[in-house]
Amino acid sequence: MNTVTEESFKAFTWDNKFNTGVEVVDTQHQKLVELINRLGAISAHQTTTAELGEILTELANYTVYHFNTEEELMKKFGVDATHQQAHIKAHQHFTAQVTVAAKILLGSKDVTNQLVAPLLKYLTNWLVQHILGSDTRMGQEILALQAGASHEEAIRKAGAFMTQSANVLMEALNEMYGKLGDKTLEVIQKNQELLAEQQALRILNEQLEERVKQRTTAIEQANLQLTANNAELKQLNEKLESAHTQLLQSEKMASIGQLAAGVAHEINNPVGFVNSNLGTLNKYIANMFRVIEAYEGAAAKVDAEKFAEVAQTKKEVDYSYLLEDIPSLLKESQDGLARVKRIVQDLKDFSHVDESNWQHANLEQGMDSTLNVVANEIKYKANVVKQYAGIPEVECMPSQVNQVFMNMLVNAAQAIEKNGTITVRSGTSGDEVWVEVEDTGKGISPEHLNRIFDPFFTTKPVGKGTGLGLSLSYGIVQKHNGRIEVASEVGKGSRFRVWLPVQHVAKSDARHQG
């Protein structure tokens, strides 16, 4: 029998070996198992005497009902008198023990597993041995009588089924579990006394803890000022470390920009003459094809046998395929060089090494250059949608603004786990322009939104971010007298919008104007 309780707890798991063959007895046995398992379930947690009393009362009442059923069956079929007497005695002893145990448990203030467990173990063990012993012996005799056997033959069959040694063992187990029940009652009583002592000890411990708490309050108050001083010092150290890191990051970006510009310049030279050579080669090959066509025209007017060797060579080199493939190869090579030139130009536009001063720049072109630079970070995870409004040029430091764009784009790509969309928009409002990057990534939780611009704060896995990207971006935008707005929803994505004034005003000038 598989009885599922509220705790999925089984003190007793029913098995076919417990079947006596008498249907009404087996059905009632399974009901008893269910009640014992329910008792086991509530013993797995702190329960109330009312809850325990309800199940114990139901168990006691059903036990009496079941025992009456068995005793009436034994009388009805005339089961062996000696067996009936021992069977009824076991019933009476078990009922008395359960009644006493219930009184002890229900008299306790707090019912715990420590009190219920001994009773539960006793109930389970007693029921197992009783079913396998006395009830199985009774069932075999009843089944034999129902089959038409005489009382003597039924008794003999029941005895033969159980074997003499098994009968002796079961009788010994019956006597042992009777004594065990008495000991169980003693254990329950002792456990109840122990719990009372533990409660008293717990009260003493609480009083001691309160005294210790009172004495430590003065020490805690004395440490508050020291803690405050340490926190202030830590904050100053963090600001210093942040400033130092931002300076190093800026120098690093400047070095990368110079390196990118140098590489772009060095690549431009060979790309230029290779491109020129390809153009010349294209013309040369076209002329050669004209000469070959003239030869073919002349050969057609002469006996073919005189040009048999030429025909064989053309067949070996697949001349017709070469005529088709050579122009395609030249075209693909020229397209590849054009892509290299575009990438080099984007690197130069992104770095702006020669543009460290304030100057007017097209932010939409800067965003395009940055998109090309970080294309490898984005192309495998998201589609890019551009919604430009044609904003006016802005007086800024282009290389630094491009760094802000790069941080926003990389963050957007990293927020998307699979295929998503990154939308880039621009617009104007009064004397300001704005550029925003919106993604369909996992979003930022509300408790993190107020910290995303803090130095070294990151929610990315170890090795995926330093927590400086947005902090540096915030500093750059502040330097441009701009601001960054953030909107995010977990599971839907985030939107970062950068606002910049069209005309740069130094902070000192801005204060005078204000």
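Visitor: So buried means under 20% relative accessible area, exposed means over 50%, and partly exposed is in between (1.4 Å probe, protein chains only). Which residues of helix H9 are buried?

Guide: In H9, which covers residues 363-373, they are Leu363, Glu364, Gly366, Met367, Ser369, Thr370 and Leu371. Helices here are DSSP runs of H or I with at least four residues, strands are E runs of at least two, and both are numbered from the N terminus.

Visitor: What kind of model is it?

Guide: It's a predicted model, where local features need pLDDT of at least 70 and side-chain atom pairs count only at pLDDT 80 or more, while totals for chains, interfaces and linings use all residues. Residues are numbered from 1 along each chain as its sequence is written, and side-chain values use heavy atoms, with hydrogens and water left out.

Visitor: What's at the start of H9?

Guide: A side-chain oxygen of Asn362 comes to within 2.9 Å of the backbone nitrogen of Glu364.

Visitor: And the whole chain, how many helices and strands?

Guide: There are 14 helices and 7 strands. Of the 514 residues, 35% are buried. Taking contacts (heavy atoms within 4.5 Å) with a separation of 6 or more, 75% join residues 24 or more positions apart.

Visitor: OK, H2 and H3. At what angle do they pack?

Guide: About 170 degrees, with the axes of H2 (residues 49-77) and H3 (residues 81-106) 11 Å apart. Axes are lines fitted to C-alpha atoms, for helices over the stretch in contact, and angles run from 0 to 180 degrees between N-to-C directions. H2 and H3 are therefore roughly antiparallel; that label is for angles over 145 degrees, with under 35 roughly parallel, 65 to 115 roughly perpendicular and the rest oblique.

Visitor: Which residues meet there?

Guide: On the H2 side they include Leu52, Leu56, Val64, Phe67 and Met74, and on the H3 side they include His87, Ile88, His91, Phe94 and Leu105. The residues of that contact split into 10 nonpolar, 8 polar and 3 charged. Ala, Val, Leu, Ile, Met, Phe, Trp, Tyr, Cys and Pro count as nonpolar, Asp, Glu, Lys and Arg as charged, and the others, Gly among them, as polar.

Visitor: New topic: how do H11 and H13 pack?

Guide: H11 (residues 398-415) and H13 (residues 469-479) pack at about 145 degrees, with their axes 9 Å apart. H11 residues including Val401, Val404 and Asn407 meet H13 residues including Leu472, Ile476 and Lys479. That contact has 6 nonpolar, 6 polar and 1 charged residue.

Visitor: What comes after H13?

Guide: Asn481, with a positive phi near 60 degrees, even though Asn481 isn't a glycine. Most residues other than glycine have a negative phi. Asn481 sits in the loop between H13 and strand E6 (483-489), and is partly exposed at 29% relative accessible area.

Visitor: What does His504 touch?

Guide: Beyond its neighbours within four places in sequence, His504 is in contact with Trp358, Glu395, Lys479 and Asn481. His504 lies in the loop between strand E7 (493-501) and helix H14 (507-513) and is buried at 19%.

Conventions:
A polar contact is a pair of N or O atoms within 3.5 Å; within protein, one must be able to donate a hydrogen and the other to accept it, and residues adjacent in sequence count only if both atoms are side-chain atoms.
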